Every structure is written in C-alpha cells, then in structure tokens.
Amino acid sequence: MPGWFVKDVMTPVVETLAVGDTLAAARQQLERGHIRHLPVVDGDNRLVGLLTHRNILAAWLSHGRPERERPGELAREVPVEMVMEKDVLTVDAQTTAGRAAELLQRYKFGCLPVVDEHHRLIGIVTEADFVRFARDFFEWEGRR
Amino acid sequence: MTATVREVMTPAPLVVAGPDDDLERAGQTMVWTRVRHMPVLQDGVLVGILSECDFIRARDSAGTGPARTVRSAMHSSVTWIGPDEPITSALSLMVSRNIGCLPVMSSGGIEGMLTTTDLLRQQLYTAFERGKSP
C-alpha cells in the first residue's frame, strides 16, 4: 500500500483524559463524543495510557458487585489510571497506512494512538477512520 | 467491481445471546471472545444487538438489585444489510449512521455479521492498493 500514511487517515485528537480523572468523567466523555477510545496524557501531552470500552467492561466484570454496589457511584471514585491500558502500541504520522491497518487487524486493537518523536499525542487512527477513508475512496471512484 | 457483503462478512455460526440471558454473563462472553457486538436471537429471529457500549451504559445506570437480562440493555432497532449488497453500500451505511457492525440478513434469517474488523481485513486494502486520491 504505497503512498498513503497515517497522517492521511488519522483523526487529530480533540478528546483526551488526564491522569487523575475519574472513570465517571471518562464515561461521560465517551458517551458525549460517541467514541470508544480515549487517550490518557500527562501535563506535557505525552501519552501514558489508553482507556477503551473494553477496559471498562473488563473492569466492571472483574470488580463490580451489581448486587451490592452502584456502578455509577463507584465510578466517581476510580481514577482512569487504575483501568486504562498502560502498554500501548503507537504509530507515528509517517507510518504507512497499510502498516497501521495490519497492526489493528493482527492485534485486534480498535485504535492506535499517533505520537511525535517526543511521545506527545497528535492523533489516533481507528478502524472507523479506515472505513470512512474507504467510503470516500469508492465514492470518488464512482464519480470518475 | 467491489466485493459483496457475503464475501467479506463473518459468517454464522456467530457468538450470540438470548434476550433473557443474564447480562453479566453476556458481558463476560464479549470479553472472552473479544467481540464488540452480539446479535440477540429469540427462536432464531434477530431481536436486537448488544454492544460493549450498551452493556456499560446499563451498568452505569444500574442500582443494586437482581441480575438484569440482555433485553434490558440491548438496542432493538437494528440496521441490517443483505448478503448480496455491494460493500460500498455497507461502507456508506456504517459511516452515515456511525455504527461498527451490520447484521447480514436474508429470508432465512441471520447469515453473518459485517464489522469494521472484517472490512479492515479485506476490503479496505482495495482503496489503498489502487493508490488514488479519494
């Protein structure tokens, strides 16, 4: 897949979480933005983790006690760093789009954060970005 | 010519749930099998989809009390597609409705699921391989 790079496909990051944010705040952000992934950054915008629906789901299932605890209340006390993915695979803007697609597919990741040479977050690339890209391509091809 | 949905989808048998199944158990199944969406079938008929997002939303709003069922959390209004539709139609539907999966339905019932992962595996390469600007 020569010619296309992550920078052509990625979504520039607008939504992030900070260390210390609660799971309840993260949930509101995910719900409001209709998104499934939120990068977690430090004060210098360096990537420190990734919170996904799957992390939250797994956390509820392994720790929640639906018979005795109210998950909504519990979430107001849990910081995101307790639940987030810490060992996150990243790509840079010049990674080929084909390589990013291969990583997403091989490891069944829903998204890959895009970082610069200082590990500062500049965007994310998701399966949905590739779907949108392909839709645009086929529409363009159909108009030719 | 682009591929049809049938050529790209994950065909049945699928990981499914029943509407009266325990919600926690369905959530565990999603984590173990690494699927993000489960078709909910009653007597073989599609009655809803349960997604990771639905499960989390249900747990967030839950009080204490008895176990909840899949029916209480699933969404029953489901966008679907036929197996012989071109992939381009599926791409348009998924982008315009911001959804990550489409049940594939025929007169015989559910034939499979088409997810963004399926598209990534196969069809998306076409756009890149042709190397043209969208």
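Phe133(A) sits out of the solvent's way: with 8% relative accessibility, this residue counts as buried, since the cut-off is under 20%. That value, like everything else here, comes from a predicted model. For the complex, the predictor reports an ipTM of 0.74 and a pTM of 0.80. Chain B has a mean pLDDT of 86, with 84% of its residues at 70 or more.

Back to the aromatic residues. Over all chains, the structure holds 3 aromatic pairs. One of them brings Phe133(A) together with Trp4(A): the ring centres are 5.0 Å apart and the planes stand at 75 degrees, so this pair is edge-to-face. Trp4(A) comes from the segment before helix 1 (6-9) of chain A, while Phe133(A) belongs to helix 6 (residues 127-143) of chain A, so the pair ties together parts that are 129 residues apart in sequence. Trp4(A) also counts as buried, because its relative accessibility is 13%.

Another pair is made by Phe137(A) and Trp140(A), with centres 5.9 Å apart and planes at 40 degrees, so it is tilted. Here both partners lie in helix 6 of chain A, 3 residues apart, or about one turn of the helix. In general, an α-helix has 3.6 residues a turn, so residues three or four places apart point the same way.

Strand 3 (residues 37-41) of chain A runs antiparallel to strand 4 of chain A, and 5 bridges join the two. Across this pairing, Leu38(A) stands opposite Leu51(A) of strand 4 of chain A. The buried residues of helix 2 of chain A are Leu23(A), Ala24(A), Ala26(A), Arg27(A), Gln29(A) and Leu30(A). After this helix comes His34(A), with a positive phi near 50 degrees.

As for chain B, its secondary structure comes to 6 helices and 5 strands, and along the sequence these follow the pattern α-β-α-β-β-α-α-β-β-α-α. Of the 134 residues in chain B, 47% are buried. Among contacts in chain B with a separation of 6 or more, 56% involve residues 24 or more positions apart.

The two chains meet in the largest nonpolar core, which has 29 residues; Leu17(A), Leu51(A), Ile56(A), Leu50(B), Phe55(B) and Val70(B) touch the most other members. Two or more core residues come from each of helix 2, strand 3 and helix 3 (53-63) of chain A, as well as from helix 2 (23-33), strand 2 (37-42) and helix 3 (52-61) of chain B. Helix 3 of chain A gives the largest share, 5 residues. Beyond its neighbours within four places in sequence, Phe55(B) is in contact with Leu57(A), Leu61(A), Leu23(B), Glu24(B), Gly27(B), Met30(B) and Leu50(B). Apart from this core lies another, of 18 residues, among them Val131(A), Phe138(A), Ala90(B) and Leu91(B).

Methods: Residues numbered from 1 in each chain as written. Chains lettered and ligands numbered in written order. Predicted model: local features only at pLDDT ≥ 70, side-chain atom pairs only at ≥ 80, totals over all residues. Heavy atoms only, no water. Pairing = 2+ DSSP bridges. Helix = DSSP H or I, 4+ residues; strand = E, 2+ residues; numbered from the N terminus. Core = buried A, V, L, I, M, F, W, Y, C linked by side-chain atoms within 4.5 Å. Buried < 20%, exposed > 50% of the residue type's maximum accessible area, 1.4 Å probe, protein only. Contact = heavy atoms within 4.5 Å. pLDDT = per-residue confidence, 0-100. Phe/Tyr/Trp six-rings, centres within 6.5 Å; stacked < 30°, edge-to-face > 60°.
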